[in-house]
Amino acid sequence: MLARAPHSLRAQVARIRVAPSARFVHGHGEYHHLPFEWPGKKRLSFGIKVTAFLVTGFSIPFAAAKFQLNKSAAT
């Protein structure tokens, strides 16, 4: 659509400046990409807990499907 627009409109669009994103306006110092604080010395236990959480959540639909298939095959 912009290619068919008159030259003056294209020139106006080209002049528009986008404001830079404000990454450090959270009020607590530097920007963190995680919504929680990363555990400094407890990395192994944190990694085990996160892995268990993700594996459990990912495997629930497969376990439910297997249960339903076994239940329908028994009837």
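**Close-up views of a predicted single-chain model**

Of the 75 residues in the chain, 3% are buried (under 20% relative accessible area, with exposed meaning over 50% and partly exposed in between; 1.4 Å probe, protein chains only). The model is predicted, so local features need pLDDT of at least 70 and side-chain atom pairs pLDDT 80 or more, whereas totals for chains, interfaces and linings use all residues. Residues are numbered from 1 along each chain as its sequence is written, and side-chain values use heavy atoms, with hydrogens and water left out.

**View 1. Overall chain.** The secondary structure comprises 2 helices and 0 strands (DSSP runs numbered from the N terminus: helices, H or I, of at least four residues; strands, E, of at least two).

**View 2. Nonpolar surface patch around Leu54.** Val50, Phe53 and Leu54 make a nonpolar surface patch of about 320 Å² (residues with over 30% relative accessible area and no salt bridge, nonpolar side chains being joined within 5 Å and like charges within 9 Å). A salt bridge is a side-chain nitrogen of Lys or Arg within 4 Å of a carboxyl oxygen of Asp or Glu. Leu54 lies in helix H2 (residues 43-74) and is exposed, with a relative accessible area of 54%.

**View 3. Aromatic pair of Phe58 and Phe62.** The count comes to 1 aromatic pair (ring centres of Phe, Tyr and Trp, the latter by its six-membered ring, within 6.5 Å; planes under 30 degrees apart are stacked, over 60 edge-to-face, the rest tilted). Phe58 and Phe62 form this tilted pair, at 5.4 Å centre to centre and 50° between the planes. The two residues are 4 apart in helix H2, and therefore separated by about one helical turn. Phe58 is exposed at 58% relative accessible area, and Phe62 is exposed at 54%.

How values were computed
Accessible areas come from the Shrake-Rupley method with a 1.4 Å probe; for residues, only the protein chains shown count as cover.
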